[in-house]
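Me: I would like to learn how to read a structure like this one, feature by feature. Where do we begin?

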Amino acid sequence: MKIIVLLKRVPDTEARILINQEGTGIREDDIKFVINPYDEYAIEEGLRLKEKVGGDSKVTVVCIGSEESAELIRTALAMGADDAVHVCDPALKKPGPFTSGAILAKVLQDEGFDIVFCGKQAIDDDMAQVQAITAEILDIPQVNVAVVFEISDDHSSAVLNRRIEGGDERVETKLPVIISCEKGLNEPRYASLPGIMKAKKKEIRKKTLADLGFDSAPGGGRSEILKWFPLPKGGECKMVEAEEIKDAAAELVKLLREEAKVL
Amino acid sequence: MLNFDLAEEQQILRESVRDFAENEIKPIAEELDEKEEFSLDLVKKMAGMGLFGMFVSEEYGGIDAGYISYVIAVEELSRIDGSAAATVAAANSLGIGPIFYYGSEEQKQEWLPKLCTGETLASFGLTEPNAGSDAGATQTTAELKDGEWTINGSKIFITNSASPISGLIIVQAKTGVTSKGKNELSCILVPNDTPGVTAKEMHGKMMWRSSNTGELYFEDVRVPEKNLLGEKGTGFRQMLATLDRGRLAIAAMGLGGAQGAFELALTYSKERNQFGRTISSFQANAFKLADMAMEIEAARNLLYKACWLCDEGRPFSMEAAMAKLYCSEVMRRVVNEAVQIHGGYGLMREYQVERFFRDQKLLEIGEGTSEIQRIVIARKLGCFE
Ligand SMILES: Cc1cc2nc3c(=O)[nH]c(=O)nc-3n(C[C@H](O)[C@H](O)[C@H](O)COP(=O)(O)OP(=O)(O)OC[C@H]3O[C@@H](n4cnc5c(N)ncnc54)[C@H](O)[C@@H]3O)c2cc1C
Ligand SMILES: Cc1cc2nc3c(=O)[nH]c(=O)nc-3n(C[C@H](O)[C@H](O)[C@H](O)COP(=O)(O)OP(=O)(O)OC[C@H]3O[C@@H](n4cnc5c(N)ncnc54)[C@H](O)[C@@H]3O)c2cc1C
């Protein structure tokens, strides 16, 4: 079985994010980057599926990203993935979701696949569109926000639980399919030290846009990010205290009228 | 050609061990320390990460990652918990190291694979009640008769020697007298389950409370002649070289412990308000934090250089002694001020910095006290000639 996992390099959830002076992006000099946390569930699910199916199953990581993404791709290989495709091109500074989708669709077609796992969204720009666009271009099913995944005995279909508001939705899908993964699907493994040493010898195939047959970044011209800016600082919080609840309410009304001037 | 970049695999290794330590060790460290409990479950998890046998070649079950990688792993464990780091450092440097470097092919085949999977721990029995810093004053004897060694004596403070998975003790014993009238010392492999071996777990430690420390007694213990490690009479040299490499790991514990305590202090100082400001904004505290960061940086550079010399196969024993001495003393200064920055809370168990404060002290004593490190360095400088 040919399993593909999509991976994106994003700022660490704990990093202090500051927008650069020009408003064109974030300040990257001092922050740590990690594998998109939801992609870790995708890697783990891909590895588990490979271990379950056995045979000549293979997990290939696909990443669009700068040179710096290589270390994170290597981390996924250290966790146990077999090889990787790294799409890296100076023309791809901040690819929008349609650009990424078009590139990924091409890579997936070239590589061939039975199933694709990815995170339910990247935690940097939170667009959650790439998997849908990729699936649409390839005209295959997609199932999002998976928390349970079970492959059928003949490997031609899968049953999944999707996490929805207040419950789970059980879905059956045919393969090939793109599945986006949610926290709770599994517990991602650590890259073990022997795994890290083995990963040194695994292949990362680097591709430019030209290698993929594109003259320029595909899928542009739809929407464009104009500017980034921080939210205005929130006002001071004032706690109203009183012995009796009705006195507190009276005080609150007074403050809303006289200080906040909203009543 | 000066280059301070770590290899990609070393950066991945640091991140991975850091994640492991934060998720698997941090939540249990305080309780294990409180109960003075050596956790077999944690040893198993650390083994699963591949933390045993890091510098051993692949044919014996290791990963051949070199000393910089090994030291980074120990550093990251120590950043969270000294006891867990001690288990790994002693198992590698003192248990696995001597067999890998001096063992016969048969000894390596027999012991290294199971030591590298962590199912068995080996320990290094050097220290005795009457032979501490004076490690050549060994009183334990081994007599060769009819193809067997008969060992009598005792050892004290031996890490990883008295747990349910402790399988082998490398015993330094007196096997004769040299032509100069000194003790002739040799190392002999003694399985823990040999009749006549008693291993007693030592309790009541101030530090490394969840690491395993044993007191060992040997009463007419008989092992085959082939259990001799290397040649007869080379035990003292083997021990000195083992300690040279071991010091790199002890230094890593000082470095990682200092880093951990520093981070706790930095975070706390930015959250704690007094006099209407964060305490980090008082210059008195800000300068302490600046000094900590500076000393940790210097310690890391010294230690990594010593490891680099070792990996390159160059002489490194003076630098190893310097790194061990400096890193443990940096950690002492850092933990002291880190507790100070925590004020009264720094003295309470609930705030982890208290454990770092206790765990630090061993580093100035184990594998050669700070005084002994100064002797080693001064000797290299020719001071005693
Ligand atoms: C938790 C723990 C784990 C340990 N693990 C192991 C282990 O796995 N294997 C092992 O073999 N040992 C182990 N040890 C023993 C350790 O190596 C010794 O405790 C250490 O070498 C010091 O010996 P000592 O305790 O007998 O102190 P002593 O040698 O009695 O020293 C007491 C003091 O005198 C000073 N001193 C001694 N000689 C001199 C001198 N010539 N000049 C100046 N000052 C001097 C020392 O620096 C020290 O301050 C462990 C110890 C502990 C506490
Ligand atoms: C065992 C014990 C017994 C105690 N007994 C009593 C008792 O009986 N009665 C009682 O009332 N209290 C008692 N205390 C409390 C003790 O007096 C306080 O812990 C102490 O005053 C420090 O306050 P803090 O812990 O809040 O630290 P903080 O005031 O938060 O100080 C934290 C750190 O910031 C530094 N710092 C704070 N402000 C400044 C500044 N302006 N400039 C530079 N540095 C600054 C401090 O020096 C310290 O290093 C006790 C504490 C302990 C641990």
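This is a predicted model: local features need pLDDT of at least 70, side-chain atom pairs count only at pLDDT 80 or more; totals for chains, interfaces and linings use all residues.

Reply: We begin with what the element names stand for.

Me: How many residues are around ligand 1, and which come nearest?

Reply: Ligand 1 has 22 residues around it, with Leu126(B), Gly132(B), Ser133(B), Thr369(B) and Glu371(B) nearest. By class, this shell holds 10 nonpolar, 10 polar and two charged residues. The elements of chain B that each give at least two residues are α4 (82-102), β1 (121-125), β3 (148-159) and α10 (370-380).

Me: Which domains of chain B each give at least three residues to that shell?

Reply: Domain 2 (122-231) and domain 3 (237-380) of chain B each do.

Me: How should I read the contact between domain 1 and domain 2 of chain B?

Reply: Count the residues on each side, then ask which elements they come from. Here 27 residues of domain 1 of chain B and 23 residues of domain 2 of chain B take part. On the domain 1 side, the elements of chain B giving two or more residues are α1 (8-35), α2 (40-48), α4 and α5 (105-116). The largest share of that side comes from α4(B), with 12 residues. Its classes are 15 nonpolar, eight polar and four charged residues.

Me: What does chain A contain?

Reply: Chain A has six helices and 11 strands. Its C-alpha trace spans about 75 × 45 × 40 Å along the principal axes. Of its 263 residues, 36% are buried. Among contacts in chain A with a separation of 6 or more, 69% join residues 24 or more positions apart.

Me: How are strands put together in a sheet?

Reply: Strands of a sheet pair through backbone hydrogen bonds, and the pairing is either parallel or antiparallel. Chain A has an open sheet of nine strands with mixed pairing, in the order β9-β8-β7-β10-β6-β1-β4-β5-β11.

Me: Which strands stand at the edges of this sheet?

Reply: They are β9 and β11 (204-207) of chain A; each has a single partner strand, so one side of each is left without a neighbour in the sheet. From one strand to the next, the twist averages 35°. For one pair in detail, take β6(A) and β10(A), which run parallel and are joined by five bridges. There, Cys118(A) has Ser180(A) in β10(A) as its bridge partner.

Me: Which helix packs on the sheet?

Reply: Helix α3 (residues 97-111) of chain A does, touching β1 (2-7), β4 (58-64), β5 (83-87) and β6 of chain A. The direction of α3 makes about 150° with that of β4(A).

Me: What should I look for in the backbone itself?

Reply: Look at omega and phi. The peptide bond from Leu175(A) to Pro176(A) is cis, with omega near -5°. Pro176(A) is in the loop between β9 (167-174) and β10 (177-181) of chain A.

Me: Where does Ala128(A) lie?

Reply: Ala128(A) is in the loop between β6 (115-119) and α4 (130-138) of chain A. Its phi is near 55°, a positive value in a residue other than glycine. Ala128(A) has 16 other C-beta atoms within 10 Å and is partly exposed.

Me: What is the phi of Glu36(B)?

Reply: Glu36(B) has a positive phi of about 55°, although it is not a glycine. Glu36(B) lies in the loop between α1 and α2 of chain B. Because it has 16 C-beta neighbours inside 10 Å, Glu36(B) counts as partly exposed.

Notes
Residues are numbered from 1 along each chain as its sequence is written. Chains are lettered from A and ligands numbered from 1 in the order in which they are written. A residue is near a molecule or strand if its C-beta atom, placed from the backbone, lies within 6 Å of it. Helices (H or I, at least four residues) and strands (E, at least two) are DSSP runs, numbered from the N terminus. Ala, Val, Leu, Ile, Met, Phe, Trp, Tyr, Cys and Pro count as nonpolar, Asp, Glu, Lys and Arg as charged, and the others, Gly among them, as polar. Domain bounds come from an automatic or database domain assignment. Two residues are in contact if their C-beta atoms, placed from the backbone, lie within 7 Å. A residue is buried if 20 or more other C-beta atoms lie within 10 Å of its own, exposed if 12 or fewer, and partly exposed in between; C-beta atoms are placed from the backbone. Two strands pair if DSSP finds at least two bridges between them. Axes are lines fitted to C-alpha atoms, for helices over the stretch in contact, and angles run from 0 to 180 degrees between N-to-C directions.
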